[in-house]
Amino acid sequence: MTKTKSVAGSAAIVLAAGLGTRMESDVPKVLHGLAGRPMIAHLMASLAEAGVGRAVVVVGPGPGAEAVAEAVAPHTTAVQAEQLGTGDAVLAAKGALADFSGDVLILNGDAPLITPETMERVLAARRSAPHPGLVVLGFRTDAPGAYGRLITGADGALEAIVEAGDASPDELAVDLCNSGVMAVDGERLFGLLQRLGNDNAKGEYYLTDIVALGRADGLASAVVEGAPSELMGINSRAELAAAEAVAQDRLRQRAMAGGATLLDPRTVYLGFDTRLGRDVTVGPHVVFGPGVEVGDGAEILAFSHLEGAHVGAGVRVGPFARLRPGARIAAEAHIGNFVEIKNASVEAGAKINHLTYVGDARVGAGANVGAGTITCNYDGIDKHFTDIGAGAFIGSNTALVAPVRIGDGAMIGAGSVITKDVAADALAVTRSDQKEIDGAAARFRQRQAKGGGAPKRKPKKRPKAKRGG
Ligand code: UD1
Ligand code: MG
């Protein structure tokens with residue numbers, strides 16, 4: 001995301017005390033993942049990017065509160081004892097902001113796609129002429145459904161927000177809706193909230209009522225409009241999937257704008273922090289989990305899966321490769337099909353091209369690891385390290401039983417099980433000797449042609465019974 005200028009003197013209150021019942025989940029809704037991190041982490045990151053340095057997350061008293069607190073640290077949480085409505089939820093943050101009088105940006109924890117730019121636009125509107133005390137982020141939709149309606153006057157000023165359940169038919173016809181995001185003068189916010197009533201369709205304390213309440217006191221409100229795709233809320237798994245699609249699309253656009261070619265963007269899944277260099281090419285059906293960095297000019301071929309991996313410049317990975325956390329692939333190395341690398345550094349120009357597992361290891365520069373090689377890193381209790389020297393050649397189908405070191409330039413004969421260190425430039429082989437039986441294959445074929453069957457054994461001669469003498 002692009003860097004925006006800082007908005008000093010503002011704090012955020014993020015509402016996340018709702019039960020999220022429709023997720024049918026034991027995990028708090030705001031901790032469900034989006035592009036590889038909890039949805040609320042997206043909001044916290046966007047706040048930071050918008051220069052909002054301080055945030056209070058309002059949580060329920062349930063068992064998930066601690067996990068949410070952990071996810072939003074170092075920001076604080078405030079507990080809303082009972083879910084009495086959005087107005088009551090914002091009020092729960094009063095104590096945490098007792099020393100604060102700047103602008104307060106209120107956000108819904110389950111609407112994490114809002115961009116830093118939009119946050120900044122809302123805050124900027126609060127500070128510009130005609131200096132409204134309250135700015136609501138609205139959006140237009142053909143299907144306003146259950147959203148609160150923004151009721152504006154002839155001058156465009158916001159007069160009230162009417163919840164769908166309390167709206168008249170005329171009000172329901174309004175297509176300008178409340179996103180749930182607002183910026184409020186911090187000097188006025190809590191005073192207004194304390195005066196809210198709950199005499200409405202839901203019997204809740206509506207945050208939205210502070211618009212009309214403020215207006216009666218001479219506090220003007222204004223509307224800033226945003227894109228519905230940024231403001232969608234997540235209440236179900238289906239909406240989570242829809243939000244993921246939006247997040248992925250943004251990440252793909254960002255990757256391509258940064259100079260990466262995605263051959264079929266819709267099939268490439270990116271992590272929130274995926275970094276692709278210039279002239280990186282990504283084939284179809286590639287998945288990037290969190291923590292992946294790919295250097296300039298690298299090629300990630302189809303059906304590869306990368307997570308927590310660093311891929312150097314000019315490296316070729318895949319097709320069908322798996323890079324797990326701690327894989328560090330240096331420049332110009334090749335990682336081929338059905339190769340899995342975990343917690344291992346593959347140094348410059350090394351080649352591991354087929355059907356191999358390398359875990360807890362170093363593969364030295366220019367080494368060649370043959371097809372079917374396995375670093376046997378786990379003995380059932382502990383993990384052990386395999387060190388392969390520069391320029392070493394590991395023959396196909398080798399088992400390297402860790403801990404073990406293969407010296408620089410050493411060769412391992414195919415099919416070996418290596419349990420002892422091998423010196424530099426030595427050849428080690430553990431295969432059993434090869435036998436050869438002259439003509440045996442031809443004899444076998446002749447027998448098959450005659451009707452097959454195992455070769456007839458000559459009946460063993462019974463030792464003749466000794467005649468009694
Ligand atoms: C709210 C708005 C509505 C707006 C919509 C946008 C009110 C009264 N209505 O309606 O105008 O169009 O959001 O999505 O504000 N929450 C708490 N504690 C509570 C109740 C809610 O923390 O006691 C949190 C929820 O976790 C959620 C947010 O507040 O993150 C919004 O609550 P929700 O119940 O979804 O409000 P809506 O009825 O959708
Ligand atoms: Mg809602």
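Modeller: In α4, the buried residues are Pro116, Thr118, Met119, Glu120, Val122, Leu123 and Arg126. This is a predicted model, in which local features need pLDDT of at least 70, side-chain atom pairs count only at pLDDT 80 or more, and totals for chains, interfaces and linings use all residues. Residues are numbered from 1 along each chain as its sequence is written, and side-chain values use heavy atoms, with hydrogens and water left out.

Colleague: What makes a residue of α4 buried?

Modeller: Buried means under 20% relative accessible area, exposed over 50% and partly exposed in between, with a 1.4 Å probe and protein chains only; Leu123 is one of those in α4 that are buried.

Colleague: How do you know that the span of helix α4 agrees with its number of residues?

Modeller: The expected span is 1.5 Å times one less than the number of residues, so the 12 residues of α4 (residues 116-127) should span 16 Å, and the end C-alpha atoms are 17 Å apart, which agrees. A helix here is a DSSP run of H or I with at least four residues, numbered from the N terminus.

Colleague: Which residues of helix α2 are buried, and why are they placed on the same side?

Modeller: In α2 (residues 65-72), Ala65, Val68 and Val72 are buried. They cover an arc of only 65° around the axis, so they lie on the same side of α2, the arc being that of the directions from the helix axis to the C-beta atoms. The face turned away from that buried side carries the exposed residues Glu66 and Glu70.

Terms used: Chains lettered and ligands numbered in written order. Helix = DSSP H or I, 4+ residues; strand = E, 2+ residues; numbered from the N terminus.
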